[in-house]
Amino acid sequence: MRTISKSRKPLRGELTAEADKSISHRAVIFSALARGESVIRNFLLAADTLSSYTCMEQLGVQISRQDSLLRVMGKGLEGLQEPTEVLNCGNSGTTMRLLTGLLSARPFFSVLSGDRSLNRRPMERIISPLSSMGAQIFARGQGHFPPLAVNGSRLKGIDYTLPVASAQLKSALLLAALTAEGETIISEPQKSRDHTERMLRAMGARIELVGQRIRLCPEAELSPQEFIVPGDISSAAFFIVAATILPGSELLIRGVGINPSRSGIIDILVQMGAKIKLENKKVISGEPVADLIVSHSQLKAVEVEGDMVPRLIDELPVLAVAMAVASGTSIVHDAQELKVKESDRIETITGELKKMGVPAHATQDGFIIEGGAGPLIGSRVNSHGDHRIAMSLAVAALLAEGQSVISNPQAVDISFPAFWQELERLSQ
Ligand code: S3P
């Protein structure tokens, strides 16, 4: 349980954004496929990315660590070894989906499993195209859910249009394609985060954009890198929204990744009237980064749909909190993917915000929030074991009258273990 009282003070000061989860996963997995030692600076030390780290060790990869600096001794694409135990992916969909793609093409047997939440998440979306490439993957629930058993084999390239904009699915296919026979072409219904393409290309993979399609030609040797992981806009988002909605706040958030495939939250908040200045823009390890200065402002309602959705999919729960205080009715469409995240985020965020007095309504593909209906009311709320729901509710609780009690607060360990300390420090 975590008790949070209505904040009597604004949020002021500065913080460095927590390291990016998506890029940390990829850095440790991809480094293992290069020949030679890669260095990863500012690796995210959180439960999810440590799942990828330990799975890579189970696959025979040597990794040494000093704080957040990792040295990964890659043995090339053919260098992974058959794991003797089940690969435990914990809560991490990224670990499971990326590794399934990779291991489908390795000449050995592996089993991947996760926690209760992960073992309820859909895997048919990766199994179906990987099977068309020749993969042999067996799964619980008539081929839908983990645990997964993978009997690695020689694959062939595929020309495939993803049914959903999913970077995990796209990355699984690209990893399988690295050693497949013939080229692989992938089309996306909307553009999802492109860290895999950027990183693999920097390592020497033959990967190019042909119009809206991604083409990968196999068998290029990958070279080791020095990766510097930027700050995670998805973790920064909780503080961006908190500073925007708490009167008198001004926060400097350093080193935030602003890759256009991830930065929809900034665009939508600015459209709502938020004051967010981007300074000190630079490119680190192929990713655009900036310092953000966020100050309090009055917000108005907004509609989110279409191509915007994949650009802020993980930020929709905390955006719902901003919508609750904005004037007018906000609507999110085209976000049915929220149903298959760490929790059913359409149900969990609307259900918990309702307990705080917010007129929030779940729909088939998103939610409707009637903003500014009255003050939020401190309540007993539940994170449902979902890190992003826990942090979104914490932001709502800062503004809610009286006290709120959040159950399962340790869920933040998945992506942002220092969240509670940072929140306390900045609200002093
Ligand atoms: C991620 C992709 C997204 C995102 C997740 C991380 C990634 O999931 O929601 O938190 O690192 O590739 P989907 O691929 O399911 O959209």
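**Entry 1: classes and shell.** The model I am reading is a predicted one. With those classes in hand, I found that the shell around the ligand has three nonpolar, four polar and five charged residues. I then listed the residues around the ligand by name, and they are Ser22, Arg26, Thr94, Arg97, Ala165, Ser166, Ala167, Gln168, Arg193, Ile313, Asp314 and Lys341.

Entry 2: For Ser166 I noted a polar side-chain atom that lies 2.6 Å from a ligand oxygen, whereas for Gln168 a backbone N or O atom lies 2.8 Å from an oxygen atom of the ligand. Ala167 also takes part through its backbone, with a polar atom 3.1 Å from an oxygen of the ligand. On its own the ligand has 390 Å² of accessible area, and I recorded that the protein covers 95% of it.

**Entry 3: where the ligand sits.** Which pocket holds the ligand? I found the ligand in the largest pocket. I also checked which elements give two or more residues to the shell, and these are α1 (21-31), α3 (93-104) and α6 (167-177). By domain, the shell draws at least three residues from each of domain 1 (2-19 + 230-427) and domain 2 (21-228).

**Entry 4: backbone geometry.** I looked up two backbone features as well. Pro146 and Pro147 are joined by a cis peptide bond with omega of about 0°, and I placed Pro147 in strand β9 (residues 145-151). Asn42, although not a glycine, has a positive phi of about 65°, and I located Asn42 in the loop between β3 (35-41) and α2 (47-58).

How values were computed
Residues numbered from 1 in each chain as written. Predicted model: local features only at pLDDT ≥ 70, side-chain atom pairs only at ≥ 80, totals over all residues. Heavy atoms only, no water. Near = heavy atom within 4 Å. Polar contact = N/O pair within 3.5 Å; in protein donor to acceptor, adjacent residues only side chain to side chain. Areas by Shrake-Rupley, 256 points an atom, 1.4 Å probe, with all protein chains shown as cover. 1 Å grid on protein atoms, 1.4 Å probe; cavity = no way out; pocket = protein on both sides within 12 Å on 5 of 7 lines; lining within 4 Å. Sits in = over half its atoms within 2 Å of the grid points. Helix = DSSP H or I, 4+ residues; strand = E, 2+ residues; numbered from the N terminus. Nonpolar A, V, L, I, M, F, W, Y, C, P; charged D, E, K, R; others polar. Domains from an automatic or database assignment.
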